[in-house]
Amino acid sequence: MIHAARSGGPLHRVLVAPLVGFALLIFSLPSTAGASGAVPRFGDSTWVAPTVGPTTGQPRVARPDHERRWETVLRAPFRVVFFPLRLVARGMEAGVGSFGDRLMNPGPKSAAKGLSIAPELDIGGLTELGPGPAITWAGFPSDDSKLHLSGIWSTIDRRRVQLSGRIGDRRPVGFRLRGDYDYKPNLRFYGIGNETPSSNRSVFLLENTRGEAALLLGGSPLRQLRLVGGYSAMSPRRGYQGTPRLEEVFAPGTLPYDHRATQELLYGATADLAALDDGRDPAIGVHARGEFRRAVGLRGRDPDFNQWLVEGRAYAPVFAKRRVVAFRAVYAGVDPTGGTPTIPFYRLIQSDGPLRFAGYPTHRFQDRQLLLGRVEYRWEVWHSVRALALYELGEVAPRASAFTARAARRSYGGGLRYGLSDEGTVRLEVAKSVEGLQASLAIGSGF
Amino acid sequence: MRPGTRSRTAHALALSCALLLGVPALALCSPAEDAMPDTTIATVDNHTEVDHDRRAIPQPPDWEPNFWGHQFREGLIEPLSHAFDIPDKMLFLARSLGADTRREAVNVNAFDEVPNSTWFTNRNHVRAVPVADLARGPDSLAAPAKPWIIKHAKQGGASAGFQIKDADGKKWLVKLDPRDHPQLSSGADMVARTLVRAAGYNVPHNEPVRFRRSDIKIDEDLLRGTKGEHFGEADLDTLLAHGAVFPDGTYSAFASLFLPGHVLGSPSMRRLRPGDSNDWFTHTNRRELRGLYVLCSWIDNWDTKDHQFLDTFTMRADSLGHVDHYLLDVGSSFGAQANGPKARWQGYESTVDLGWIARRFVMFGLAVEPWRRAHQNTGIPSVGNFESEVFHPQHFATEQQQGAFRELTEGDAYWGAKIVASFSDAQIAAAVGSTHFEDPRATEFLVRNLIERRDKIARYWFGRVAPLDFFWVEEGVLRFHDLARDIGLEGERGYEVEVESEGGRVRTHGRLRMTTPEMDLGNLPNGTSRLTLEFSISGSRSKPVRVELMRTGSEWAVTRVRHG
């Protein structure tokens, strides 16, 4: 009947050639079909399952099965011990079951548009959880635009509001807007310089408000020039949610702009230029980055300075693209201008975020200039997850001539890297330094 | 080691371990997920050739495992759970000491065969399916008549498609072949279904189709969105843009006819179907589901999650009925997947393959996985990534480890290999030909590689378990088949038999040796009514076959066969 359906119309014509080929193939094979088409390999002619004993009615072949009793006995204690884990696993399974379709339905679909509200949770540590709402407006004001506003209030009284917007995403010319308000009552401070002891660890409150707009020239974030302009206000105050406080470690007057807020207008440019085989998981290529911002004090007492950063990344495969040696070098600084004698301690370059020294805590070092060099050996362990072994040298200094190889802070360790996109990675690292072991989980524009 | 000894050793070992750990008796018993079937009516006969699981029952409630929950569990939780499963490790240790701790399949009859049931029907390995039937494909209905009316957009799954009502009023699900790959999914589905059905499994009626944009209309309600679902001309154009187009401008797809009866949902490998009192064997302990691994390894069907199966309820006039079980979607076979050629790792590694993850991690990326060594890129758009050279019958991996596959014993694998080996070259060519590939290279390539993979499977599993089968007594002579010889993998070879009487006392000294697959029972000692014969192959390390005989009067009959 299938042949009947296929025997007429245009289908017939397109099937003639393969049918002829197929027929030739069948008859060219060593074991050809007979006239009846039956091709016994074994069992065909002789085997008949014998029946022994009477069968009545309609029998089943065996009784229902159960786990073997001795196996139940063996497994019972483990089932008891791991019951809580089993509950967790079942709960996760139910959760994934409820939301999986919404998150992972791979069918062809257009990008979601409109206003959506979702919860957000910021995890700042074992004792710091910051819940809050996140509002996204996709498709506003144009189809390839997105506005995102989120806010959290954490268990240690940290308050943060973030606004980000992008218009003309991936177009030759686009626009980006960022605004942050961050009220952090326990920001770490260890002192200024490369030799500050870890025992200087103290906390202070920093209220940081920042807004920046950027004109994006270039569709790819890996080959893009951004003209930026913005505003920044920082206000250091007496911290809480941690001891000792900054005032208890550093005598009044020893830190520039201690307890003095500053407001700046910023303008400048940032750029990325990369030639990579794969923006997400590069195996071969180079990537150069640069940032320059001029800061002009809004009030007479506010300092003027230049902020700058140059960075180079290079990737080379080790006989295969799944094994890569990656290099990264960063040189960043902040230089006073216009007669400003000094830079506020909270506006110095800090070993934090993408500039954190792997084996040291965040904000461990700060000064006017920072040098960071890292080499990684990465290898694929599971799809886009790479394991990595790292070695890093980092140093801060008041000026270029003060850097010495001897004083560099060394870190070595390993971790996992997952490439999210051209712009983002998730990195889990554990690194060791003379000050001990540091673990970190970072999501963002990483190496 | 005498029969039965290993089992007793296992019991002793397991009980010792349990007592050492202070187990509080049997209080925390078996998994609570399995519903207790009604066993009061059916009789049990382990010589039956038909497992009568079509007993009339009321319609069970619709139920299936949650798709994403299942993916999460099988993809991540189960691999992790098994990695840290301490009793499993203890049982593994016991096995290495000689104990037989593997759970044998439960729905196997006395002759080591799976009786026919709503899950499986013995076909090609006991009665060769005619080549002409295979060339026609597994279905007996025509393709959907045009014009088609789209009734719904396709929900779920990776492939693009839609539900239609054809000119004859039948409902079909149309799935498009991926762009630039005409006949990739539809061809794989057709060939795989032809083979899978001939092997014995129930498959749906699918049909490769070609159509033009002008052959389709959208249902008015769907166009207007009056019933809550909207699908417009623009949506159809977007959908078709994901599809493969032949040079003549027609789209390449396959249409799947809605199954007869009421759809209950996919079954779970880990629990019985609620409300189905005929469903009384733990699914992971069903041989046809365990042995399916070997068939899947042959056709490289790496997507075997629970949702690739489907249960339907067939109702009689009295509103009672029974449940049928289908292997629903085998299109992710050979080198294909729903949205293009399969990824190179698929079929060689599971999605979360802890073994390979660990190996790559500790070897700093220097480990070379088999799929990297395999030359899979055929360069044939309708075949995708497929090969037979690096393929290893025991290292085939499904996307997620399937519960039944995890319980596979060598006896189950032998059974599966027997089915795979039963396909002749001509049958394979006929099954591949059922698709009518436009690209003649596709037909030649698939036939050659399927033959090579079949032979690899047969050599491997027949090397693990002696392929001596289909025992019968004729005029006082016990005859059997050496399957490896039957299919030309081996030439003349000798066989050895160890004979035991009913009580386990060995009546023969040493082993009997034979050069042909037959044994004269007249030479056996008199005075016993039951004998156990252990057949092995001279010079082979394959596991022997145990055959039990019973004498009634002067006639011997085969009462039980066990492989591996």
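In the predicted model, Ser185(B) forms part of helix H5 of chain B, a helix that spans residues 184–199. The relative accessibility of Ser185(B) is 6%, and the residue is therefore classed as buried, the cut-off for that class being under 20%. Beyond the neighbours within four places in sequence, the contacts of Ser185(B) are made with Asp177(B), Pro178(B), Phe254(B), Gly331(B), Gln337(B) and Ala338(B).

Chain B as a whole contains 16 helices and 20 strands, and its C-alpha atoms occupy a box of roughly 85 × 65 × 55 Å along the principal axes. The radius of gyration of chain B is 26 Å, which agrees with the value near 24 Å that would apply to a compact globule because the chain has 564 residues. Of these 564 residues, 59% count as buried. Among the contacts in chain B with a separation of 6 or more, 71% are accounted for by residues 24 or more positions apart.

The chain carries 66 positive and 75 negative side chains, and a distance of 3 Å lies between the centres of the two sets.

For chain A, the division into domains places residues 113–155 in domain 1 and residues 170–445 in domain 2. The centres of domain 1 and domain 2 of chain A, taken over C-alpha atoms, are separated by 24 Å.

Notes
Residues numbered from 1 in each chain as written. Chains lettered and ligands numbered in written order. Predicted model: local features only at pLDDT ≥ 70, side-chain atom pairs only at ≥ 80, totals over all residues. Heavy atoms only, no water. Helix = DSSP H or I, 4+ residues; strand = E, 2+ residues; numbered from the N terminus. Buried < 20%, exposed > 50% of the residue type's maximum accessible area, 1.4 Å probe, protein only. Contact = heavy atoms within 4.5 Å. Domains from an automatic or database assignment. Rg over C-alpha atoms; globule rule 2.2 N^0.38 Å. Lys, Arg positive; Asp, Glu negative; His and termini not counted. Charge placed at Lys NZ, Arg CZ, Asp CG, Glu CD.
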